Amino acid sequence: EMVLLPSVSMAFIVALCSRGAALSHRTTLCAKMSKNKRPATTFTTTVVKEHKMEDTVKKNRFLAHCAHATDFREVKSFIEKVSDPKARHNCWAWVGTDTQRSNDDGEPSGTAGLPILNSIQGEGLVDVVVVVTRYKARDAPMLGAGGLLRAYGSAASLVLRSASRVDIVPQTTLDVHVPLSDLGAVQSIVSRYEGRSAGTGSLRRRRVEIYDDDGGVTFHMSIEADFADTFSADLANATNGVAEVSLAAV
């Protein structure tokens with residue numbers, strides 16, 4: 001599961017408390033938003049499972065592998081898994097959510113890792129690693145810089161286009177604290193969001209409610225990040241601003 005804790009906008013923290021009660025030590029996150037307009041959902045697309053494809057260019061065999069990888073530890077593990085130590089070149093690239101890396105592994109600079117990286121980006125994929133291993137026959141002609149660029153990029157594109165894909169919606173994890181007297185109103189809103197499909201503000205309770213010693217109830221849940229403001233505003237409207245919504249530790 002992807003969890004995204006976005007920076008809090010000014011609109012998101014406008015207090016909607018009409019009862020005049022003093023704010024507690026908890027952070028109250030409320031927003032004034034239209035009830036009829038839902039925000040556009042941001043998706044990222046990645047590959048599912050591991051895939052491999054092979055391409056041959058002028059007696060050079062290019063074996064390409066791809067997989068989902070969310071951090072460099074997973075990237076290194078996959079590279080070690082699929083690389084052939086007997087091959088002279090195991091070139092790779094990775095595009096993460098907010099970073100990217102590539103390696104030519106002995107090929108002329110910029111002729112292997114970069115075209116692999118460009119192929120991942122060209123397919124619009126995130127959190128994906130591709131490794132292309134080159135096997136060269138003894139009588140294979142020289143490909144040249146241009147030939148290597150095209151060959152590595154083509155092999156990467158082949159394996160990426162053969163891979164199954166999935167859209168991932170970034171999630172925000174929230175804690176919601178309400179007095180017991182407002183439990184019914186909050187339960188109704190939570191249930192409504194739980195019934196939504198992916199991309200429309202779906203919500204999931206991460207654990208059972210906690211009944212506090214102060215007579216309140218705390219919910220721990222994750223919701224699509226683009227809908228966190230709307231959800232907070234709905235809670236504020238239903239409880240006259242008493243619901244306290246805060247970003248939770250994952």
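The model is predicted, so local features are given where pLDDT is at least 70, side-chain atom pairs count only at pLDDT 80 or more, and totals for chains, interfaces and linings use all residues. Residues are numbered from 1 along each chain as its sequence is written, and side-chain values use heavy atoms, with hydrogens and water left out.

**Overall make-up**

The protein has 5 helices and 11 strands; these elements are DSSP runs numbered from the N terminus, with helices (H or I) of at least four residues and strands (E) of at least two. The protein contains 250 residues, and 47% of them count as buried. Here buried means under 20% relative accessible area, exposed means over 50%, and partly exposed lies in between, with a 1.4 Å probe and protein chains only. Of the contacts between residues at least 6 apart in sequence, 72% join residues at least 24 apart, a contact being heavy atoms within 4.5 Å.

**Salt bridges**

The whole structure holds 10 salt bridges, each defined as a side-chain nitrogen of Lys or Arg within 4 Å of a carboxyl oxygen of Asp or Glu. The table lists some of them.

| Pair | N to O distance |
|---|---|
| R161 and E123 | 2.9 Å |
| R205 and E194 | 2.9 Å |
| E209 and R205 | 2.9 Å |

In the salt bridge between R161 and E123, the closest N and O atoms are 2.9 Å apart. This pair links distant parts of the chain, 38 residues apart: R161 belongs to helix α3 (residues 144-162), while E123 lies in the loop between α2 (113-122) and β6 (128-136). R161 counts as exposed, at 61% relative accessibility, whereas E123 counts as buried, at 19%.

R205 and E194 also form a salt bridge through their side chains. The two residues are 11 apart and link distant parts of the chain, with R205 in strand β9 (residues 203-211) and E194 in helix α4 (residues 183-194). R205 is partly exposed at 24% relative accessibility, and E194 is partly exposed with a relative accessible area of 32%. The side chain of R205 meets that of E209 in a salt bridge as well. Elsewhere, salt bridges with shared partners join E123, R161 and R165 into one network.
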